[in-house]
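Subject: Structure for your review

Dear colleague,

Please find below the structure that I am handing over to you.

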Amino acid sequence: VLRRETPIVVPNRIPREGTSMKYALTHATLLDGTPDMQPQHDMTVLVDERGLIASVGPTATTEVPAGTAEIDLAGKYLLPGLINMHVHFCGSGKPMSSSGAADLIDKVTGNPLGRAYMRHEVQKSAETELLSGVTTVRGVGDPVWADIQTRDAVNAGKYRGPRMLCSGWGVTPVNGHGRGLIAKTCETDEDARALVRDLFAHKADLVKLFITGGVFDAEKPGEPGIVRMSLEMASATVDEAHKLGLATATHVESADGVKLALEAGVDTIEHGAHMTPEIIELFHHNGVGLSSSLTTTISPAIPLARMDREKTHSSEVVKLNADVVFRGIVDASKQALEAGIPVGLGTDSGCPYITHYDFWRELVYFHDLVGASTTLTLHTATLGNARLLHVDDVTGSIEPGKSADLIVVAGNPLDNLDVLRHVEQVMMAGRLITHPTAKHLRELDADLDEILHIKLDEDAS
């Protein structure tokens, strides 16, 4: 848990449509999201009309109140809803060049019809996350306030969606990553502070910084993650955010970038890179005297690194740099677990090849490539992520008093995480979706399935 004198502001947002019914989920095999979770057989979870978990106990000894709708989950597994810590709602995951994406954003941001279209796309992405079993999502960079507006509409019951924590526009320097696309350019430190104040006025939940470049804007082969933002601008951004009680997250894909971000006091490092002993120490005690966490995002790097270039339509330089980032993220995640650094999981959904229904793949990568146990992986994707987002008093585990954010799957994910691919039921704050079906990109799915269980040491070609 991060420590600061001014607490992070995380509104207790529990979206729902209309009035929730009372439910009794009976005869379920329960996995509660706690660190040492084990299957609890023949359990009943009672959900009250407020959408909160009223009680959890053995079916044989749990009395179902009158007027409660009973759902028999015999043979099924009941889990907390998943939590995705790194999403861009403005994209679908369909492959697109960075220049093509920038052109699209240019077309939609300059007119009311285009902005309405962007809000519609963001709403669809949010709903897709929910239909895949993700009940809480952190957005880390979207244009024209569309994520914040969608969040508010979902909370008001206008749309079906997950709990959304949104950053709005990101903060990036001149020639910085994401500029004009999902971030606003800041020329001076005061520009960055002013943008943070604007984000606060728009009721953003956090501030996203873009400290380094990425795979597509690397200056030469073998060096992705060039530092673009100065320590002074990063420090000013973090300082202004923390004064307003806002958490901070940063895009960073090199060791130099990670070090600078930690010296500036950023709360969560997104992506990451190989850690030196100095960097490990900075995670535990960063430049403003707090602790920081790492958000593992293997999903965006692995397709470009391991798929044929004929499919990704990328250059050899992009493929090489993607492999550097891929290995750096995996390496950093292993080091973080060994050093006791808190680790969260996110997908970078919206980027090419990263859809809003595929969070389960990130769990598989974390298990297969980082070496996390299935228990740790599932805990990280539920209660662990909730703690990092400061919503663990609301969601992340199955226990009385928490929001009824639940999913049902046919098999035991502790035996095989792949079962999370098919979610049979989703409950969001007590509102039940009995047959969640998200629209899939079938050709993209087939391409990703070919690299699903690939090993780190396999040849990148």
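Is D348 buried or exposed? In this predicted model, D348 is buried, with a relative accessible area of 7%; a residue counts as buried when that value is under 20%. D348 sits in the loop between β15 (343-345) and α11. Although D348 is not a glycine, its phi is positive, at about 70°.

A429 is another residue to look at. The phi of A429 is near 50°, which is again a positive value in a residue other than glycine. A429 belongs to the loop between β17 (423-428) and β18 (431-433). A429 is buried, with a relative accessible area of 0%.

Helix α11 covers residues 359-370 and helix α12 covers residues 374-388. Their axes come within 9 Å and cross at roughly 135°. The two helices, α11 and α12, are therefore oblique to each other, and their crossing is right-handed. On the α11 side, the contact involves F359, L363, F366 and H367; on the α12 side, T374, T377, T380, A381 and N385 take part. Sorted by class, the residues of this contact between α11 and α12 are four nonpolar, five polar and no charged.

Helix α11 also packs with helix α10 (residues 316-339), at an angle of about 75° and with the axes 10 Å apart. That makes α10 roughly perpendicular to α11. Here F326, V330, S333, K334 and L337 of α10 meet F366, L369 and V370 of α11. The contact of α10 with α11 has six nonpolar residues, one polar and one charged.

How exposed is H367? H367 is partly exposed, its relative accessible area being 30%. Leaving aside neighbours within four places in sequence, H367 is in contact with A372, S373, T374, T377 and L417. The C-alpha atoms of H367 and H453 are separated by 9.8 Å, while these residues are 86 residues apart along the chain.

A further helix pair is formed by α5 (residues 231-243) and α6 (residues 255-264), which pack at an angle of about 45° with their axes 8 Å apart. Helices α5 and α6 are therefore oblique to each other, and they cross in a right-handed sense. L231, A234, S235 and V238 of α5 make this contact with L260, E263 and A264 of α6. By class, the contact of α5 with α6 comprises five nonpolar residues, one polar and one charged.

Finally, I come to the nonpolar cores. In soluble globular proteins, nonpolar side chains tend to be buried together. Which members of the largest nonpolar core touch the most other members? Of its 99 residues, these are I269, F283, I298 and L420. Not counting residues up to four places away in sequence, I269 touches T250, V252, V258, A261, L262, F283, S293, L294 and T295. Another core, of 16 residues, lies apart from the largest one and includes Y23, M43, L78 and A404.

Yours sincerely,
A colleague

Conventions: Residues are numbered from 1 along each chain as its sequence is written. This is a predicted model: local features need pLDDT of at least 70, side-chain atom pairs count only at pLDDT 80 or more; totals for chains, interfaces and linings use all residues. Side-chain values use heavy atoms; hydrogens and water are left out. Axes are lines fitted to C-alpha atoms, for helices over the stretch in contact, and angles run from 0 to 180 degrees between N-to-C directions. Helices (H or I, at least four residues) and strands (E, at least two) are DSSP runs, numbered from the N terminus. Angles under 35 degrees count as roughly parallel, over 145 as roughly antiparallel, 65 to 115 as roughly perpendicular and the rest as oblique. A crossing is left-handed if the near helix is turned anticlockwise from the far one by less than a right angle, and right-handed if clockwise. Contact means heavy atoms within 4.5 Å. Ala, Val, Leu, Ile, Met, Phe, Trp, Tyr, Cys and Pro count as nonpolar, Asp, Glu, Lys and Arg as charged, and the others, Gly among them, as polar. A nonpolar core is a set of buried Ala, Val, Leu, Ile, Met, Phe, Trp, Tyr and Cys residues joined through side-chain atoms within 4.5 Å. Buried means under 20% relative accessible area, exposed over 50%, partly exposed in between (1.4 Å probe, protein chains only).
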